[in-house]
Amino acid sequence: MMGAIITLPLSAITGVIRCAQAVRDQAEQTTRPDPAVICGRLEQIAEAAAEGMLSEQQKLAAQQQVFLAMQRYTP
């Protein structure tokens with residue numbers, strides 16, 4: 001009986017910690033960029049450059065924007 005009284009406050013703290021971890025994990029999953037989207041965007045840039053719609057400088061600038069956006073989400 002005494003053990004339950006002592007561990008009861010700790011179980012509440014443990015529950016709060018688990019809840020916070022679950023919220024953090026969910027937030028990371030929703031803000032982390034999808035690799036398929038990144039690859040798709042880089043492919044679009046490459047195709048536009050190959051079709052002559054982008055100069056080499058424009059292509060590099062667009063690629064750099066994609067990479068900078070990825071870096072914002074790096075933990």
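Helices are DSSP runs (H or I, at least four residues), numbered from the N terminus. This is a predicted model, in which local features need pLDDT of at least 70 and side-chain atom pairs count only at pLDDT 80 or more, while totals for chains, interfaces and linings use all residues. Residues are numbered from 1 along each chain as its sequence is written, and side-chain values use heavy atoms, with hydrogens and water left out.

**Confidence**
- The protein has a mean pLDDT of 81, and 76% of its residues reach 70 or more.
- Where pLDDT is low, the predicted coordinates should not be read in detail.

**Cysteines**
- The structure holds zero disulfides (a disulfide is a pair of cysteine sulfur atoms within 2.5 Å).
- Cys19 is partly exposed, at a relative accessible area of 47%; buried means under 20%, exposed over 50%, and partly exposed in between (1.4 Å probe, protein chains only).
- Cys39 also counts as partly exposed, because its relative accessibility is 43%.

**Leu54**
- Leu54 is placed in the loop between α2 (35-50) and α3 (56-72).
- With 25% relative accessibility, Leu54 counts as partly exposed.
- Leaving aside residues up to four places away in sequence, Leu54 touches Ile45, Ala48, Ala49 and Lys59; contact means heavy atoms within 4.5 Å.

**Helix α1**
- Leu10 lies in helix α1, which covers residues 2-31.

Conventions: Helices (H or I, at least four residues) and strands (E, at least two) are DSSP runs, numbered from the N terminus. pLDDT is the predictor's confidence in each residue, from 0 to 100.
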